[in-house]
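Morning, everyone. Have the structure open while I talk. We'll start with confidence, then go inside.

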Amino acid sequence: MKGFFSIAGLRRLRVMTWKELLQLLRDTALMVFFLYSFTGDIYVAASGVSMQLRNAALAVLDNDRSFASRELAGRFQPPYFKHAGEAASPDASLKLLDRGDAMAVLDIPPRFEERLTRGEQVPVQLQVDTTNSVLGFLASSYAAQIVGRYAGEVAMLREGLAGSGGPMIEAETRIWYNPNQYDPWFMGISELLTVVTLFSILLPAAAMVREKERGTIEQLMVTPLTPFQILFPKVIAMTLAIVAGTAIALFGVLGPVFDLPMRGSLPAFFLITALYVFTTAGLGLLAATVSRNLAQVGMLTIVILMPMLLLSGAWTPLEAMPPWMRLAAGFSPLHYYLDSAYGILLKGAGMDLLWDSVLAMGALGVTIFGVGMAWFNRQFG
Amino acid sequence: MNLKRIVALAWKEWREIVRDRLFFALAFIVPTMLMLIFGFGLTLDVENLPFAVVDHDRTPASRDYAYRFISSRYFDFKGYADDERTIDRLLADNQVRVALVIPPRFDERLSRGEPAPVQVIIDGTFPMRAQTTQGYVAAINAAVSAENMAQALSTARGVPLAEARARVQPVKLEVRYLYNQSIKSIWSMAPKLIMLIMMLSPPFLTALGVVREKESGSIFNIYSSTVSPGEFLLGKLAPYVLISAANWFILWMLCLSVYQVPFKGDPLFFTLASLIYVVCTTGFGLVISMLVQTQVAAMIITSVVTIIPAVLYSGLLLPLSSLSPGASLIAHSLPPMYYGRIVTDCFLKGAGAAELWPDALVLAGYAVGLFAIGYLLFSKRPKS
């Protein structure tokens, strides 16, 4: 790292960074794609995609056809359920489920109303398609709430308890940070972080291997540049580009279109983003130093990228993962970046809460970059 | 079309792949590895939610009530907190996701037969998790309320407790889970992982393989040879289709053996549809490689156009019924959604050609279309 703090060292870094930026900007196909990823792609993901259960198609097999049965069936309302018509027979309802035309079938038994008025307990059946286990569970959970509320009202009337209330639990649920459960905030941020991660790994890895494949790395090695002065400017250039992309996404799409609150300090957010890109770029460079050609880098980066994207908590709740997997997630820089990004943008958290995430990310970044440099030195030193 | 030339080209390509040891190994290891990692790690279940309790009442009744949450496997009790201010901090720092606040006079109100308010605070940053959590909380509260009501009724009217229970709950919902009776999330996840991985790996292999020739310049040998564009594409892609088909078979076997997912459908139809899908995703790689000049661009564009649709618009994580019209259009215009349906229904619903032929047909149309585009874009006389 000799010469890093001298004037000549700084000038070399500046020149090399400029070279990397020029190289990046001149790849037109790539730049168009880069811009699309930070704008259009995020817009579509934020506006169009929801992980919540919406409009689950419910068919009704009404064997009673009374006022009470219609009342119960009528309570299955949007946003959670939408009616997919009546099923004429149990066979027909199974067929609806088989074909995927209905996700659930509510089966109301004959003499439903009559038995209710006589004070019996009447079972009502719900058949749920659980090929998607999460949706199946959510659908049955909502159905249980709807039926429970209906049953409660019937019981109140029947037992003459109406008015007095009774010793019930009245839960007031408050959802913080996103009170209306507005999906675009979550999906938009998750997608932004996904795009940032993709580019942070791929751009430097690709830039590095290209030099290796074309042999221009040998030219760089015979210059007075140290390995650090070759590697570091690549990271700086990519970091600048990606932070700029993030700013475009935040102020061009998420802010104006979806009213993302951005409660915390934005300078802190951009600093953490830069730190994250640096850390992740180190991973890409490591993959590039290990492999000989771009095809190898391509496969290696998938191996790093996919688990990182899907298992750090960007799209799935981490709490349910097996303990060893959660331990592994602790080594993913994205895990800490997620905590910080949601913390700053939605929760308004400050450095007093985020310092541990930032520290962990920085430690990972320095380690990864150090290992990458050591490899590089061994190959070319 | 000259079969001999095609075979020669395929053989050349195969040798090239095999000789790059790391690439060859990765081509086979990556899909299996992803299958194992995601199979064990990728779960949408909401469990072990860290939560805290603020108990202002501090009576046996309030502790009993809090214990209902503490003993649930969905919640992971982190301890009692002193006041709401502490909860603020714990939630902002991701230490807890849910907090239960029991106000003073909880016990007093209940024993007087009045409703007792409680407050539940949920971290809403992840709407799906918050929604599921709300479901758990509502279920526990409903159970406690029903029990309290039954007890009150039983003492007031002098009826046995069992009868009182039936009377406060006149309608009982019985849920039957179809196709996946014990709601194992791996059963719904593993088949879709085949879809995800087969969407990622073949385009990557193909795009990199074709662009490699462009960038190194060896494509000029092809341009100046007697090989026709059609022969070149068939010969070039055959090894990649073969590798991907082998990978698909390995993934299928992993689903059956490691994850014990039942396969109820028609294996013949499934094989046929899967081969079409593999050809289709290979075609994706082909078209991308025709459009770009550098391997860097090929790699980055491939990852963005395959990873994002396969994760977001395929039904893997997000329910297709919840997509907005725009996103639904994207989902319908890309192959993963169709194959996702084929793979899930073949495994769990026991469906076959009779139900799924439209999806297979769309995939086939897609494959033909992609190869036609690739053929048209490939010119032996490049402009520059």
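This is a predicted model: local features need pLDDT of at least 70, side-chain atom pairs count only at pLDDT 80 or more; totals for chains, interfaces and linings use all residues.

Within chain B, confidence is lowest in helix H12 of chain B, residues 295-312, with a mean pLDDT of 79. Chain B as a whole averages a pLDDT of 87. In that chain, 99% of the residues score at least 70. For the complex, the predictor gives an ipTM of 0.82 and a pTM of 0.83.

Now the inside. How many residues does the largest nonpolar core have? It has 261. Among those with the most contacts inside it are A:Phe112, B:Met35, B:Phe75 and B:Ile342. Helix H8 of chain A, residues 183-214, supplies the largest share, 18 residues. Domain 1 and domain 2 of chain A each give this core at least three residues.

Take A:Phe112. Set aside its neighbours within four places in sequence. A:Phe112 is then in contact with A:Asp64, A:Leu72, A:Val122 and A:Tyr150, among others. Its contacts also include B:Val171, from chain B.

There is a second, separate core of 12 residues. B:Tyr223, B:Leu233, B:Leu237 and B:Phe378 are among them.

Last stop: helix H3 of chain A, residues 40-48. Why is H3(A) largely enclosed by the rest of the structure? Because seven of its nine residues are buried. They include A:Ile42, A:Val44 and A:Gly48. What do the buried residues of H3(A) pack against? From chain A, helices H2, H8 and H10. From chain B, H12 and H13.

Note on methods
Residues are numbered from 1 along each chain as its sequence is written. Chains are lettered from A and ligands numbered from 1 in the order in which they are written. Side-chain values use heavy atoms; hydrogens and water are left out. A nonpolar core is a set of buried Ala, Val, Leu, Ile, Met, Phe, Trp, Tyr and Cys residues joined through side-chain atoms within 4.5 Å. Buried means under 20% relative accessible area, exposed over 50%, partly exposed in between (1.4 Å probe, protein chains only). Helices (H or I, at least four residues) and strands (E, at least two) are DSSP runs, numbered from the N terminus. Domain bounds come from an automatic or database domain assignment. Contact means heavy atoms within 4.5 Å. pLDDT is the predictor's confidence in each residue, from 0 to 100.
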